[in-house]
Amino acid sequence: MARSSAPVTGPATVTSGPGPGRLARWGKMLSRELTTVAITMFGLLAITFLIARVIPIDPVLAVVGDNARPDVYEAARLALGLDKPLWQQFAIYVGKVFTGDLGTSILTAQPVISDIKRVFPATLELATLGTLVGITFGIPLGVLAAVKQGRWPDQLARFIGLFGYSIPIFWLGLMGLLLFYAKLGWVSGPGRISIAYQDFVTPVTGVILLDAAMQGEWDAFWNALSHLVLPSAVLGMFSLAYISRMTRSFMIAELQQQYVIAARVKGMSEARVIWRHALRNALVPLTTVIALSYANLLEGSVLTETIFAWPGLGRYITNGLLNADMNAVLGGTLVVGAIFIGVNLFADILGRIFDPRTR
Amino acid sequence: MSDAVTPLLEVGNLKVNFHTPTGIVRAVRGLSFSLGRERLGIVGESGSGKSMTGRAILDLIPYPGEVLADRMLFRGEDLQTMPKAARRKLRGRRISMVMQDPKFSLNPVMTVGDQIAEAYRVHHRANAREARERTLAMLEAVQIREPERVYALYPHEVSGGMGQRVMIAMMLIAEPDILIADEPTSALDVTVQLQVLKILDDLVTSRGMGLIFISHDLHLVQSFCDRVIVMYGGKAMETMPALELADPSAMSRRHPYTLGLLGCLPELSNPKAKLSTLTRDPEWLA
Amino acid sequence: MGNWTAYLTTDAPASRRQARLGQAWRQWLTLKQNPLAIAGLVIVMSLLLIAAFAPFIAPFDPLAQNLDQRLMPPSAVNLFGTDSLGRDIFSRIVYGARVTLFIVLLVVVSVGPLGLLIGATSGYLGGWVDRALMRLTDVFLAFPRLVLALAFVAALGPGLENAVIAIAFTAWPPYARVARAETLVIRNADYIAAVRLQGASAWRIVLRHIIPMCLPSLIVRTTLDMAGIILTAAGLGFLGLGAQPPMPEWGAMISAGREQIFDQWWVATFPGLAICVVALGFNLLGDGLRDVMDAK
Ligand SMILES: Nc1ncnc2c1ncn2[C@@H]1O[C@H](COP(=O)(O)OP(=O)(O)OP(=O)(O)O)[C@@H](O)[C@H]1O
Ligand SMILES: [Mg+2]
């Protein structure tokens, strides 16, 4: 059979690529995302504002006390702007929030914003460690479950997933304290650090582990860590349940793709096919999942912090609730909500960066 | 055509069974052939077991499939008794496969260059720079004009034809002895098809590889291959030199299914009012 | 019996009801194959039975204090021990099933219709109504659920009913999403076009034709959500914002046992187990139902 061997010079077409188009695409995407964020923030503010309005507690009495004279009461009412129409009150509220004025806490007699600044690092520490636990165990477990579908790692992941969705977090915390602190003595009890070590560490970042490490107070560091282990493990359990379940389903989808077969055809080891090729693709949707689980842990910390006497944002909110300290409650809600929104935005952008198709 | 005493590949009575909840699906039922340094075409309708044949040779039959064969020898070495790890080492290095659709067969989050380089580095001791140079050379070999630029592109940034050339580069960079091309051009449009086939053909010829060319297009196979196996329902209906397919005098010796396949294709020079439908005789599978 | 099976499995159902029952029958046959789902179903049925027959099952009055018998460990008389007021924990857990069921039912009857109506309207009408409603849904979805519920309860005041309202207020968006997605599919179906040609109004189409079609996926969604609702309610109870004493609510019971956790472990342990079992039951059943409904 005759075959000519003249080279074929096919046009090397490129459908799309890096260049000025990318900048415009990102600009458009960012502005769309930011609009969504703005609308959601607006909704958040509207809801907290409305909640504050329907409370049976009279905000004026909260300021002037129960026995104020009518003229004092009236002056305070005007000062609070309560005579103005609702939309004006809302505008004032929004303006205040944007200047960082969340009102004053009745309980601490401090501005709510400075209270939150003080307690937030404790929550951040807890949620971050919990998420780290969830990632380090949840992703490998989910991958194994997907690879060994129907076999024991899959059953284990299923079991953990089901329990993670069925156990009340505060009860799990109590049981953890009962077993690991009271019975076995493996970890320290409630609180962030034992009183004996409290004065060794000066708060700089507010994250005790960091502060202790930076100041070279290693005894205090280990003590703080032994306090942190249990609550972050409890939170991590929930993060693990969610992350492993989602990892499993993303990985099952990826492992059915043609490029996985192609990687095997090349002679790549199974480990490399799974952990490098398939998982790298599954990470794109997983970033959103991880961010969501992080935000959920901030919420989970409300109950966990109560159990572990952890001086964070969650306990600040519940304390406010039990003491009718509405400014504290709504300020805390607003901050948690704003972080939720921020984390979601961050995850969206991160997902786009991980995925060259949307980069 | 074969230049060695032992053929590159010998397959005897190959069977691929899938054990599904609703019963056993027999995808390949007793296929035998041998391959030298030649072009062997496998033709058949959809579901006739062509791809499963290729994947059985590579030990890539997915769960719940099983591979059975009386004989499966690569250059005289028994593939069936070989440990899994050794079979993996053969993949890419000795036997490779170009897949149907470049859009889905390239990893979307890795640059095409990295994917090719990776294929080289599994089999050869090479540092990143050497692998990169080999890759650029290979990209040039598949006639990509700006290899440096293309190296850094992601699969979604290249066209179908270029994607398939990348795929060919990726599967040939480790210099295998056998290439299985599983409908390598059916996802491309006609003009690009010819270019890609040409590149594939030149590389296979110049490197003296054995090629198994899988297609459902009998005419393409006939013009491209030395020998043709016609498959139906997991069995070989007949095996013949490609030249005989173009020979009108040999038609009387052809299997009815082959004639059916030939009849299914409309010809411009001899248009038919009505295309005949393929007749299939259950006897063929007995 | 044979008649019934024939009626249900016929290939040519004579009425719409027969067709629907037939499909339900086939789905039930599939569900029966899944032992975990059946375990879930058994748990949920048990919850119903225990709640219904609480007075016959509980050996003691759940509210009867007996200060001589405070904090007794589990025994043959007090199966799960007694709490700090000498009340029998087993009896309280049995009666607590009623509280849990009450919360679950109330949330379902308030959230289901709300989400369904918002979602179906949004999906059927489309256009700016759709955009506005979905934005609203997104805003609510962007909230941390428990924290929002907390803020609501703070505003409304603690109590079981308020806890339910707060949960319902935060729980509807996913239902609206599901209902909308279903509606978008159904909206373009031929038979809806046929009904529209007959001159039926938009409202009538949504209420009579679209909502019934959305129901199966909403039932699955509800069952899967139930565990979350139970956990949130228990969390509110635990914080003292849900059911008020002396009502035997499981979350509040855990909270009451907190002080004695290291010495009298049973006070907090058993109510927690009860929550786990019930939540697990709903999760298992929901998982099974989803598999069955997806396979249709
Ligand atoms: N996972 C599986 N389970 C059951 N049967 C399978 C599975 N994978 C493939 N088969 C069966 O194997 C048979 C052969 O498939 P194969 O992919 O080899 O066909 P093919 O000739 O390559 O067809 P096509 O031209 O469509 O690519 C099919 O009929 C299919 O039913
Ligand atoms: Mg095929």
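Biologist: How many residue pairs are in polar contact across the interface of chain A and chain C?
Modeller: The rule finds seven, with both residues at pLDDT 80 or more. A polar contact is a pair of N or O atoms within 3.5 Å; within protein, one must be able to donate a hydrogen and the other to accept it, and residues adjacent in sequence count only if both atoms are side-chain atoms. Keep in mind that this is a predicted model: local features need pLDDT of at least 70, side-chain atom pairs count only at pLDDT 80 or more, and totals for chains, interfaces and linings use all residues, while side-chain values use heavy atoms, with hydrogens and water left out. Residues are numbered from 1 along each chain as its sequence is written, and chains are lettered from A and ligands numbered from 1 in the order in which they are written.

Biologist: And how many salt bridges between chain A and chain C?
Modeller: One, taking a salt bridge as a side-chain nitrogen of Lys or Arg within 4 Å of a carboxyl oxygen of Asp or Glu. The partners are C:Asp287 and A:Arg245, with the closest N and O atoms 3.8 Å apart.

Biologist: Which elements of chain A each supply at least two residues to the side that touches chain C?
Modeller: α1 (20–54), α6 (152–164), α7 (169–183), α11 (270–307), α12 (313–322) and α13 (326–354). The largest share, nine residues, comes from α7(A). By class, the side of chain A that touches chain C has 32 nonpolar, eight polar and four charged residues. Helices (H or I, at least four residues) and strands (E, at least two) are DSSP runs, numbered from the N terminus. Ala, Val, Leu, Ile, Met, Phe, Trp, Tyr, Cys and Pro count as nonpolar, Asp, Glu, Lys and Arg as charged, and the others, Gly among them, as polar.

Biologist: What area do chain A and chain C bury between them?
Modeller: About 3,700 Å², with 79% of it on carbon and sulfur atoms. That's the accessible area (1.4 Å probe) that two parts lose on being put together, summed over both. In residues, 44 of chain A are in contact with 40 of chain C, where contact means heavy atoms within 4.5 Å.

Biologist: OK, what about chain B and chain A, what do they bury?
Modeller: About 3,600 Å², 56% of it on carbon and sulfur atoms. B:Val109, B:Glu118 and B:Glu157 supply 16% of the area that chain B buries against chain A, more than any other three residues.

Biologist: Which residue of chain A does B:Glu118 meet in a salt bridge?
Modeller: A:Arg272, at 3.2 Å, N to O. Between chain B and chain A the count is three salt bridges, plus 12 residue pairs in polar contact with both at pLDDT 80 or more. The side of chain B that touches chain A divides into 23 nonpolar, 12 polar and 12 charged residues.

Biologist: Switching topic: which residues lie nearest the centre of the second largest pocket?
Modeller: A:Arg264, A:Glu270, B:Ile61, B:Pro62 and B:Tyr63, out of 28 lining residues. The space in the second largest pocket is about 1,100 Å³. Its lining has 13 nonpolar, five polar and 10 charged residues. On a 1 Å grid over the protein atoms alone, a pocket is an open set of points with protein on both sides within 12 Å along at least five of seven lines, a cavity is a set where a 1.4 Å probe fits but cannot get out, and lining residues have an atom within 4 Å of a point. Grid points are joined across faces, edges and corners, and a volume is the space filled by probe spheres set on the points.

Biologist: How many cavities of 30 Å³ or more are there?
Modeller: Two. The largest cavity has a volume of about 70 Å³, and its lining includes C:Thr100, C:Glu249 and C:Trp250. α5(C) gives the most to that lining, four residues. The second largest cavity comes to about 40 Å³, with B:Asp59, B:Arg87 and B:Arg91 among its lining residues.

Biologist: How many helices and strands does chain C have?
Modeller: 12 helices and zero strands. The C-alpha trace of chain C spans about 75 × 55 × 25 Å along its principal axes.

Biologist: Last one: how many salt bridges over all chains?
Modeller: 33. One pair is B:Lys50 and B:Glu183, 3.9 Å from N to O. B:Lys50 sits in helix α1 (residues 50–57) of chain B and B:Glu183 in the loop between β8 (178–182) and α8 (190–207), 133 residues apart.
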